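Hello,

Here is the structure I promised to pass on to you. Have a look at it first, and then read on for what turned up in it.

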Amino acid sequence: MTRDESEIEASRAPLMDHLIELRGRLVVCVIAFVLAFFLCFFFAAQIQIVLIKPFQAASAVHAAAAATGGHGSMIDLLMVTAGLKPIPEGGQAAVTLIATAPLEQLFSKMKIAGFGAIVLAFPIVAWQLYRFVAPGLYRNERGAFLPFLIAAPVLFCLGGGLVYFVMLPLVMWFSLSQQIVSDGISVALMTKISEYLSLVTSLILAFGLCFQLPVITTLLGIAGIVSSKMMAEVRRYAIVAVVVVAAVVTPPDPISQLMLAVPLVLLYEISIWCVRAIEWRRGKGEVVEDQAIA
C-alpha cells in the first residue's frame, strides 16, 4: 500500500464518523420540524386569530375615526394593538377575511404550520449545528460562539415584534384608509386570508432575518473577514444597500420601508461597535501574551 493510499485509509474512518454524526443530527432536526409542524397545525386556527389581531385593531380604530369624521390616531392604534387601550367606542371589533377557493383555508393552515415549525424548531437546529461544529473549535471560540445562539433568536423575536405590534397595524390602517365610499360607489377592502397570512409571515421572516445583521457582522469580525474601520468606511454604501433591501422585502409604501430601514441602519452602527469591541479585546489579549513571553 502506497503512502497516499494509507493516508486516505487513515482519514476515511474519521470522515465516516463525521458523516454518521451529521446524518444523526439532520434526523433530529427533521423530527423536530415535523413534530413542530403537526403541533402548529393542530393550533393553526388559534395562531391565525392571533395574527389577525393587528388587522382587527386597525379596522376598529379606522371605523371609530370614520364615525367621527376623522382619520384616527397612530398612537391610539399602536396602543390598541399592544392591548394597552381598549377598542374605541364606535369601532367595529369584528373583522372579516375571505377565502375564494375550497381548500384555501386548509393551505393557509398548512402555511401557518410550516411557519410556526420553522420558528419553534430553530433553537433545536441551531443547537445541533453548534454540537456538530463544536469539536473543531478551540475553547475560546466555543465561548465566543455560544452567545450568538442566544442573540440570534432574541433579535429574530425583536424583528417579529416590530412587525406585529407596529408595522402590520399601520400597513392595514393605511390600506383601510384607501377605501372609497361616495355617491353610490364603494371600493372596499376585502382581504383574502391566504394573502394576509402570506404578508404577515413574509414580513416577520424578512424582519427577523434582517435583524440578524449584528450577529453576522460580529461573526465575520471574529473570523477577521471584516473590521470596524472597513465597516465605517463603507457606511454610506451600506445605508444605500439597507434602503434597497427595505424596498424589496416590504410592501410598496414608504411607511413600511422606513420602519425596516431605520432599525437596520441603527443595527449596522451597533455592529460596528461590536466588531470594534472584539478588536479591542483581541489587541488586549495580544499585549498580555507578548508581556508573558517577554
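Leaving aside its neighbours within four places in sequence, which residues is Ile225 in contact with? Before the answer, please keep in mind that this is a predicted model.

**A loop residue**

With those sequence neighbours left out, Ile225 is in contact with Leu220 and Met230. You will find Ile225 in the loop between helix H7 (213-222) and helix H8 (228-233). Its relative accessibility is 53%, and the cut-off for exposed is over 50%, so Ile225 counts as exposed.

**A serine in H8**

Now move along to Ser228, which lies in helix H8. Is Ser228 buried or exposed? Its relative accessible area is 6%, and buried means under 20%, so Ser228 is buried. Apart from neighbours within four places in sequence, Ser228 is in contact with Ile272, Val275, Arg276 and Glu279. With one of these, Glu279, the side chain of Ser228 makes a polar contact of 2.7 Å.

In soluble globular proteins, nonpolar side chains tend to be buried together. The largest nonpolar core here has 40 residues, and Phe55, Leu77, Tyr196 and Phe207 have the most contacts inside it. Two or more residues of this core come from each of helix H2 (44-67), helix H3 (74-81), H4, helix H5 (139-176), H6, helix H9 (235-249) and helix H10 (254-293). H5 gives the largest share, 12 residues.

Leaving aside neighbours within four places in sequence, Leu77 is in contact with Ala57, Ala58, Val61, Pro169, Leu170 and Trp173. There is also a second, separate core of six residues, with Val226, Met231, Ala238 and Val275 among them.

**Two helices side by side**

Last, look at helix H4 (residues 104-133) and helix H6 (residues 193-210), whose axes are 9 Å apart. How do these two helices run relative to each other? They pack at an angle of about 10°. Angles under 35 degrees count as roughly parallel, and H4 and H6 are therefore roughly parallel to each other.

From H4, the residues that take part are Glu104, Gln105, Ser108, Lys111, Ile112 and Phe115. They meet Ile193, Ser194, Leu197, Ser198, Thr201, Ile204 and Leu205 in H6. Sorted by class, this contact has six nonpolar, five polar and two charged residues.

Enjoy exploring!

Best wishes

Key
Residues are numbered from 1 along each chain as its sequence is written. This is a predicted model: local features need pLDDT of at least 70, side-chain atom pairs count only at pLDDT 80 or more; totals for chains, interfaces and linings use all residues. Side-chain values use heavy atoms; hydrogens and water are left out. Axes are lines fitted to C-alpha atoms, for helices over the stretch in contact, and angles run from 0 to 180 degrees between N-to-C directions. Helices (H or I, at least four residues) and strands (E, at least two) are DSSP runs, numbered from the N terminus. Angles under 35 degrees count as roughly parallel, over 145 as roughly antiparallel, 65 to 115 as roughly perpendicular and the rest as oblique. Contact means heavy atoms within 4.5 Å. Ala, Val, Leu, Ile, Met, Phe, Trp, Tyr, Cys and Pro count as nonpolar, Asp, Glu, Lys and Arg as charged, and the others, Gly among them, as polar. Buried means under 20% relative accessible area, exposed over 50%, partly exposed in between (1.4 Å probe, protein chains only). A nonpolar core is a set of buried Ala, Val, Leu, Ile, Met, Phe, Trp, Tyr and Cys residues joined through side-chain atoms within 4.5 Å. A polar contact is a pair of N or O atoms within 3.5 Å; within protein, one must be able to donate a hydrogen and the other to accept it, and residues adjacent in sequence count only if both atoms are side-chain atoms.
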